[in-house]
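Please look over the sequence and the model before reading on.

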Amino acid sequence: MRTISIIITYILLIAWTIFVLSPIYWTVTTSFKGEADVYLGPKFFPWIDFKPTLWAWRKMLTIERDMILRPLINSVIIATISSLFAMVFGSMAAYGLTRFQYKFAFWRNQDILVWIVSQRMMPPIVTVLALFIMLKVVNLIDTRPGMILTYTAFNLPLAVWMMRNFLIHLPRSTEEAAMVDGASSMQTLFQIVIPMILPGLAATYLICFIFAWNEFLFALFLTFNKSQTIPLLIAAQHFQRGPQWWDISALAVIAITPVVIIALFLQRYLVKGLIPLGR
Amino acid sequence: MKNLLAAFTGKKVGRVFLAPTVVILLLLTIFPFLFSISLTFGRVSLTGGLGIHFAGIRNWIRLFQDDRFGNAMRNTLFMAIVTVTVQYLLGLGLAMLLNNEKIKGRGIFRVLFLLPMMLSPIAVGYMWRMMFGTLNGPINGILIRLGFAPVEWITNTRIAIYSVILTDIWQWTPFMFLILFAGLQTIPKGLIEAAQADGASSWQQFRHVIFPLLAPATVAAVLLRLLEAFKIIDIIYILTGGGPGMKTESMTLFGYSKGLGTFDLAYGSTIAFSLFITVMVVSIILLLGLREVQEIRLE
Amino acid sequence: MFKKGFFRLLVVAAVILTVTGLSGEVFAQRFKGVTIRVFTQTPPYIAKPVMIHKADWEKETGGKVELITAPFAELYTKMYSSFALKAKAYDIVIYCSGWLGDFASNNFLLSLDDFIKKDTRIDWTDVLTVYRERVAAWGPTVFGIPLDGDSHMCYYRKDAIENTEYQKRFAEKYGYSLTPPRTWEQYRDIAEFFHGWDWDGDGRIEYGAVEFMRKGGQSSWLFFSRAAAYVSIPGQHGLFFNPDTMDALVDSPGHVKALKDWIEILKFGYPGMIGFDSGEVRTIYHLGETCLGIDWGDIGVLSDTGPESKVRGKVGYTILPGATSVWDYRKAKWIGFPIENAAPYLAFGGWVGSVDVNSPNKEAAYDFLSYLSSPDISYIDVTTPETGFNPYRKSHFAKLDRWYKFGFVNPAAYLGAIESTIAHPNVQVDLRIPGTAEYMEALETEITKALAGEKTAEKAMADVAKEWNRITEKLGKDKQKKYFRESLGMPVW
C-alpha cells in the first residue's frame with residue numbers, strides 16, 4: 001500500500017479512537033471532581049483546570065460501599081450464571097438443530113429455529129408485567145434465581161442463533177471419524193467437539209454476559225431490593241440535588257471493570273467465534 | 001458400543017438437546033406473550049387484587065387516535081434506520097481499515113473499539129448527558145473556545161434526536177464492526193489477489209469481491225442490530241427523558257410511561273404490542289429483501 | 001409490728017419495682033424480633049432521617065428497620081405494584097402525599113386513627129392544621145403520618161434586588177420600583193433585567209431565573225405554582241376541577257396565561273433549563289448563577305447550609321408571586337384585583353408515611369412512623385442537611401436555635417415566608433384524588449410540548465383538559481367528584 005494510504009488509515013483510526021475514548025475520559029475525570037467543578041463550566045484537565053478530589057471515590061468505597069457491594073455481587077452472579085445456562089442450552093439446541101432432523105407435527109428444524117430467534121423481536125416491555133405475575137406466583141420476585149431464569153430466557157435466542165451459525169460450518173466428518181474409531185459419545189464430546197467450537201462458545205458467552213450485565217428494564221421491575229443489579233444502582237444516583245455526576249462517574253467506572261476484564265480475557269476468541277456468522 | 005452409537009444419534013437424544021431451550025422459552029415467553037395480547041383487549045382493575053375485564057378493541061382505537069403513538073413510531077423508525085445505516089457504514093469502514101496487515105497495533109485498536117458496547121446503556125446515557133451539557137459540557141466548552149456559539153444538544157427540539165442518534169452510534173458501532181471484521185477474515189486472500197492481478201481498482205475489488213462475500217455478515221449484523229434498535233429506551237430515558245416536548249420519545253419509552261409509569265397496564269400492553277408487530281413486519285421485509293439480493297449475488 | 005409492716009412494705013416495694021423494672025424491659029423490647037421494611041426515595045433526601053434515627057429506635061424497641069429505596073420516578077410504580085399485587089414488599093412507605101388519595105381509596109393503606117388516639121408521643125395538635133386535615137387524612141380518616149411540609153416559594157438574590165444602583169436603572173427601564181416580585185409580571189421583568197450579565201461581580205455571567213421544566217422532573221408542581229394566582233378567586237377552587245361538575249378546568253384562560261408566562265421565561269432563564277429537574281435547579285441556584293428561582297424549601301436550605309454554596313446569606317424569600325387579574329370560572333371572565341391576588345400553593349403536600357393495610361407488622365410500623373414524626377425528632381430532621389424534610393409543626397417554627405446551628409443566616413425570614421404561605425387565607429392544596437399520577441403525567445406531556453414550541457399554549461392546555469376528562473370518565477366521574485370534594489373538605493351530597 002502506498003504510504004499516503006497508510007497515513008490516512010492511521011489518522012482515521014486515531015480519530016475514531018479519540019471519539020470512542022472522549023466520553024470515557026470525561027467520565028473518569030469527572031469522578032474526581034467536586035460539585036462546583038462540574039456545574040460551573042467544563043473543566044478538562046486535572047491539576048490544570050481543576051483540583052482533583054477523591055470525594056466521590058471515598059464515598060463509594062466507604063459510606064456507600066454496602067449500597068454498591070450487593071448490586072455488584074448480584075450482577076456478577078446473575079450475569080455469569082445466566083450466560084452460562086444460555087450458552088450451554090443454546091449450544092445444545094443449536095447442535096440439535098444442525099445434527100438432527102426434528103419433526104413436531106409440521107414444525108421442522110427451520111421453523112423451530114425461526115421461532116426461537118423471533119423471541120428476540122419481543123420488546124421486553126411486552127413481557128415484563130406477565131413475568132412479574134408469574135415470578136410472584138412462584139415466589140421468585142426479587143431473587144437471584146428469578147433473575148437468572150429471566151436472563152437465561154432473554155439470551156437463549158441469541159445464543160442459539162450464534163452457535164447454530166457456528167456449528168453449521170463445522171464439518172461432521174471429524175465427529176463421525178472419532179465415533180467410528182470407537183470413542184464413546186462422551187469422549188467425542190469433550191475431546192473433539194468442544195475444542196473445535198470453543199471460540200464460538202467464548203464469543204456467545206461474552207455477548208450474553210454483556211447483555212445480561214447491562215440489562216435494565218427487567219431488573220427494574222422484577223426486583224425490589226435484594227437482587228438489584230448495577231444498572232439500577234447507576235440509575236438511582238439521581239438525587240434531589242440533580243444527577244450526582246461525580247458519583248455516577250465513579251460508579252460507571254466500577255461497573256465497566258468486570259466486563260472489561262472478561263472481555264480482555266475472551267477477546268481473542270471473539271473474532272474467531274464470530275467468523276461463522278459472516279459465512 | 002454400537003447400541004450407544006445408535007442411541008446417540010437417535011431421536012430421543014436429539015430431543016434432549018433441544019428440550020431445555022424449548023421448555024424455558026415456552027415457559028417464560030409464551031405465557032407473557034399471550035397474557036399481553038389479552039391485556040390489549042381488556043381493561044385492568046387493581047382494586048382488591050388483579051382483575052381483567054374484556055373491553056373489546058377500545059385500547060386499539062385509543063392508540064390510533066393518540067398522536068403520541070404516531071410521534072413515537074416515527075421517532076423510533078427514524079432513529080432505528082439512521083443509526084443502523086450509519087453504524088453499518090462506519091463499522092464497515094473501520095473493519096476495512098483494520099484489516100490491513102501493515103497497520104501496527106491492530107490488536108490494541110480492536111480492544112479499544114469494543115469498549116463502548118460493553119458499557120451499560122444507562123451509564124452511556126449519563127456520560128453523554130454530561131458531554132452534551134449546554135453550559136458545562138465539554139463539547140460546547142470546546143466550541144465556545146473555538147469561537148462558536150454553544151449548541152443546545154439535548155434541549156433544542158430539532159437537534160435533540162440527532163444527539164440521541166449520535167450517542168447510539170457511539171455505543172453500538174463496535175457491534176457492527178465486530179461482526180463485519182470477522183466476516184472479512186473469511187474472505188480468502190487469494191480471491192482479492194486474483195482481482196488485483198486482473199487489474200481491478202480498490203473500489204472494484206470491494207464492489208465485486210469483498211462486498212458480495214460479506215453479504216451474510218451484513219445480513220446478520222444489520223438484522224441483529226435493527227431488532228435491538230427498535231427497542232431503544234435506556235439511552236433516551238437518561239439523556240432527554242423523551243424531550244424536549246416529545247421529540248425523542250421512542251415506542252418503548254411511550255409504553256413504559258403509560259403502562260408502568262401510570263399503571264395503565266392495558267394501554268401499555270397495546271403500545272408494546274404495536275411495536276412488536278412493527279418489528280416483525282420490518283424484519284420479514286428485510287429478510288425477504290436480503291434473501292433476494294443474496295440469491296442474485298450468488299449467481 | 002412495725003417491723004412486720006415495714007418488711008411487708010419492703011416486699012411490696014420490691015415486687016412493684018421488679019415488675020415495673022421487668023416490664024420496662026419488656027416494653028423496651030416490645031418489638032423484639034420484628035423487622036419492618038421501609039420504602040422511600042433513594043438517599044440522601046427523605047431516606048436520611050430514617051437512616052439517622054433507626055439505630056435509636058432499634059435500641060429502644062428491639063425491632064429492626066430495613067431501608068429499601070428507589071429513584072423518585074419509580075416510587076409510584078413500585079408502591080402501587082406491591083399493594084395491588086399484594087406482594088407485601090414494604091411495611092412502611094414514605095411518599096408524596098398527593099398519591100394518598102389513590103392508595104387510600106383503593107384500600108391499600110392502614111387507618112391510623114386508633115393508633116394516634118392512643119399515642120402520647122406524637123403530639124398530633126402540634127402539626128399544622130392544614131397538614132393534619134388536608135394532607136395526612138382522606139375524608140375523616142387519617143392514613144398518613146406527616147413527616148414533611150411542602151410548599152413552593154420564590155427566592156431572589158438580595159444583593160441584586162437591594163442594590164441601589166440597579167434599583168435606579170430598573171425604575172428607569174420599567175417605571176416602577178424594584179422589589180421582591182409581587183406579581184408574575186414583575187417576576188418576568190426582574191428576570192429580564194438580571195439576565196445575561198455579571199451583576200454580582202464574580203466574573204461569571206448570571207442569568208434571570210432557573211426553574212425545573214423537565215417531564216418527570218416534578219415540573220407539574222411548578223406549573224400549578226404559576227397558575228394558582230391566576231385562577232384561584234378566594235373561596236373558589238379553580239385550580240384543577242370544577243367541584244360541582246368534575247370537569248377539568250385546566251384549559252381556562254388563566255391556566256393558559258400561566259403557561260404563556262412560563263414559555264416566555266425561557267428567554268431569561270438559565271440555558272438548558274428546559275431539561276432540568278428540581279435537583280439541578282437547586283444546585284445551579286446555590287452556585288450563584290441566577291437571580292430568581294422557584295422551589296420548595298430546598299433552595300433555601302442548600303443556599304445557606306450547603307458546603308459549596310456561593311450565596312450564603314444573600315438569598316431573600318417571599319411567597320409565590322400573585323396576579324392582578326384573575327380568571328373567575330364561574331362567571332367566565334377576568335376579575336381585576338387592585339392588590340394582587342396571591343394564592344400560595346402547597347405543592348406536593350409533603351412526604352407522608354403510611355402503613356400497608358396487609359402488613360404483618362402494623363404496630364411496629366406505626367411506632368416507627370410516630371417516632372420519626374415526634375416533635376423532638378422531627379425538629380432535628382427539618383434542621384439537618386440533606387434530609388429534604390421541611391417544617392410542618394408549630395414547634396418547628398417556634399424554636400430558632402437549631403436553625404442557626406443548621407447554618408441559616410436569617411432563619412426568621414425563611415420560616416416567615418413558609419409560615420405566610422401555609423397560613424395564607426387563599427392557600428391552595430394539591431390534587432389528591434385517585435389517578436393523580438396519571439393526571440400529572442398527561443399535564444407534563446402537553447406542557448413540555450408547549451415549552452418546546454411544538455404546540456401553542458391554548459392547544460396544549462385544551463389537550464390536557466381533554467385527557468383529564470377522559471381519565472375522569474375512566475375512573476368514574478361521580479366517584480372522582482366525591483373524592484375531589486372530600487379532598488377539599490367540601491360537603492359531599
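Strand 7 (residues 153-157) and strand 10 of chain C form an antiparallel pair with four bridges. The model is predicted: local features need pLDDT of at least 70, side-chain atom pairs count only at pLDDT 80 or more, and totals for chains, interfaces and linings use all residues. Residues are numbered from 1 along each chain as its sequence is written, and chains are lettered from A in the order in which they are written.

**Sheet of chain C**
- C:Tyr155 is placed opposite C:Tyr317 of strand 10 of chain C.
- The sheet is open, has four strands in the order 8-9-7-10 (chain C), and its pairing is mixed; strands pair if DSSP finds at least two bridges between them.
- Strand 8 (207-210) and strand 10 (315-318) of chain C are the edge strands, each pairing on one side only.
- Helices (H or I, at least four residues) and strands (E, at least two) are DSSP runs, numbered from the N terminus.

**Helices on the sheet**
- Helix 12 (residues 278-286) of chain C lies across strands 7, 8 and 9 (290-295) of chain C, at about 145° to strand 9 of chain C.
- Helix 13 (residues 298-305) of chain C packs on the sheet and touches strands 7, 9 and 10 of chain C, with its direction at about 160° to that of strand 10 of chain C.
- Angles run from 0 to 180 degrees between N-to-C directions, with axes fitted to C-alpha atoms, for helices over the stretch in contact.

**Chains A and C**
- Contact (C-beta atoms, placed from the backbone, within 7 Å) joins 17 residues of chain A to 22 residues of chain C.
- Helix 2 (35-39) and strand 3 (238-239) of chain A each give two or more residues to the side of chain A that touches chain C.
- Helix 2 of chain A gives the most to that side, with three residues.

Technical notes
Two residues are in contact if their C-beta atoms, placed from the backbone, lie within 7 Å.
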